[in-house]
Amino acid sequence: MTNEYIQQILSDKFGAAVWGFEETFGIFSFNIKPEINTAVLQFLNDEASLSFQFLTDLTAVHYPDRKDEELCVVYHLHNLVANKRIRVRASVPVAQPDIATMTNLFSSANWMERETYDFFGVNFTGHPNLVRILNADEMNYFPMRKEYPMEDPTRTDKDDEMFGR
Amino acid sequence: MSRPVQYNTNNKPAVIPEGYSGEGFMATKMDQLVGLGRSHSLWPLPFATSCCGIEFMGTMGSNYDLGRFGAERMGFTPRQCDVLLVAGTISKKLAPVLRQVYLQMAEPRWVIAIGACASSGGIFDSYSVLQGIDQVIPVDVYVPGCPPRPEGIIEGILRVQDLVKAESTRRRNHPRYKELMESYGIE
């Protein structure tokens with residue numbers, strides 16, 4: 001299974017909804033439209049010549065400068081037979097970060113989607129229990145979004161004079 | 001050749017409280033006598049979450065031997081203990097647990113914050129870490145260091161002993177103590 005073969009079969013199936021094929025950091029990657037994430041991952045899972053049946057990682061990245069596609073949800077998939085890994089990216093706007101859940105296909109997506117919701121606020125529609133998993137339940141913000149100052153501005157004990165800055 | 005085993009020749013006996021003494025008797029204040037007894041029978045409750053906890057284990061071990069100072073017995077239940085030793089980073093999610101442990105301790109109770117994390121959050125200036133345990137419970141002694149050496153932790157215990165000796169028997173009736181507890185929302 002080569003990168004060109006994966007690109008060919010996906011382009012034939014989904015057309016312009018899949019683009020940006022590249023190999024970065026040793027893993028073949030591409031972008032998909034967020035509306036078709038279930039269809040693409042189901043196809044990658046079912047198609048015998050691809051059979052990416054293991055979801056190794058699911059997370060998000062916040063790109064504050066990208067208009068209307070600030071939050072990039074990243075799926076890492078693994079074909080255990082061919083030992084081939086791919087990365088699937090789907091970008092959603094931060095104003096309405098809705099994307100369909102993958103828990104129906106991969107049970108491992110359950111906790112990883114909760115974690116992604118916890119830190120980035122991605123709303124996985126259809127998730128059975130989308131609540132915070134790591135942070136305190138009372139937290140009312142999403143800490144890994146790049147929209148906060150580096151230090152807690154409410155602190156009074158670390159003033160600039162004492163820390164030489 | 002010098003002796004292979006070294007031992008402490010500078011024994012310091014417990015300081016006798018001020019009072020009036022004569023042939024076969026001594027009169028002193030009850031507070032001071034009770035304070036002297038309490039200060040040398042502190043039961044520590046370790047609340048160890050990270051590397052400061054390892055240093056605390058060294059402090060309790062035979063090399064440094066906290067037992068010499070009258071804190072031999074660690075009790076792993078807050079209901080039996082006198083002094084809470086918070087050694088390590090306390091995340092915001094753990095803060096209610098720490099507070100619950102403190103509330104379960106019976107009066108009189110003291111708290112030592114061991115290390116930079118327990119005292120101020122340390123290097124973890126982060127969304128998930130409590131910036132010092134004094135945000136949720138009152139602290140008597142802060143031990144600096146990252147982590148502090150066992151000598152530092154022993155020094156902290158000795159400072160708590162000084163506090164214990166100087167306090168009245170029923171500290172909880174003192175108006176300033178009540179005010180402090182109210183500022184933390186503790187009955």
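Reader: Let's start inside. Which residues of the largest nonpolar core touch the most other members?

Author: First, some housekeeping: this is a predicted model, where local features need pLDDT of at least 70, side-chain atom pairs count only at pLDDT 80 or more, and totals for chains, interfaces and linings use all residues. Residues are numbered from 1 along each chain as its sequence is written, while chains are lettered from A and ligands numbered from 1 in the order in which they are written.

Author: Now the general idea: in soluble globular proteins, nonpolar side chains tend to be buried together. A nonpolar core here is a set of buried Ala, Val, Leu, Ile, Met, Phe, Trp, Tyr and Cys residues joined through C-beta atoms within 7 Å; buried means 20 or more other C-beta atoms within 10 Å of a residue's own, with C-beta atoms placed from the backbone. In this case the largest core has 37 residues, and Leu84(B), Leu85(B), Val86(B) and Ile114(B) touch the most other members.

Reader: What does Leu85(B) touch, leaving out residues up to four places away in sequence?

Author: Pro44(B), Leu45(B), Pro46(B), Phe47(B), Phe56(B), Ile112(B) and Ile114(B). Contact means C-beta atoms, placed from the backbone, within 7 Å.

Reader: How do I read the sheet, and which order do its strands take in chain B?

Author: Strands of a sheet pair through backbone hydrogen bonds, either parallel or antiparallel. Strands (E, at least two residues) and helices (H or I, at least four) are DSSP runs numbered from the N terminus, and two strands pair if DSSP finds at least two bridges between them. Here you get an open sheet of four strands, β3-β4-β5-β6 of chain B, paired in parallel. β3 (44-48) and β6 (141-143) of chain B each have a single partner strand, so one side of each lacks a neighbour in the sheet. From one strand to the next, the twist averages 20°.

Reader: How many bridges join β5(B) to β6(B)?

Author: Three, with β5 (residues 110-114) of chain B running parallel to β6(B). Ile112(B) sits opposite Val141(B) there.

Reader: And which helix packs on this sheet?

Author: Helix α3 (residues 95-104) of chain B, which touches β3, β4 (83-87) and β5 of chain B. The direction of α3(B) makes about 165° with that of β4(B); axes are lines fitted to C-alpha atoms, for helices over the stretch in contact, and angles run from 0 to 180 degrees between N-to-C directions.

Reader: Stepping back, how many helices and strands does chain B have?

Author: Six helices and six strands, and 30% of its 187 residues count as buried.

Note on methods:
Contact = placed C-beta atoms within 7 Å. Buried ≥ 20, exposed ≤ 12 C-beta atoms within 10 Å, placed from the backbone.
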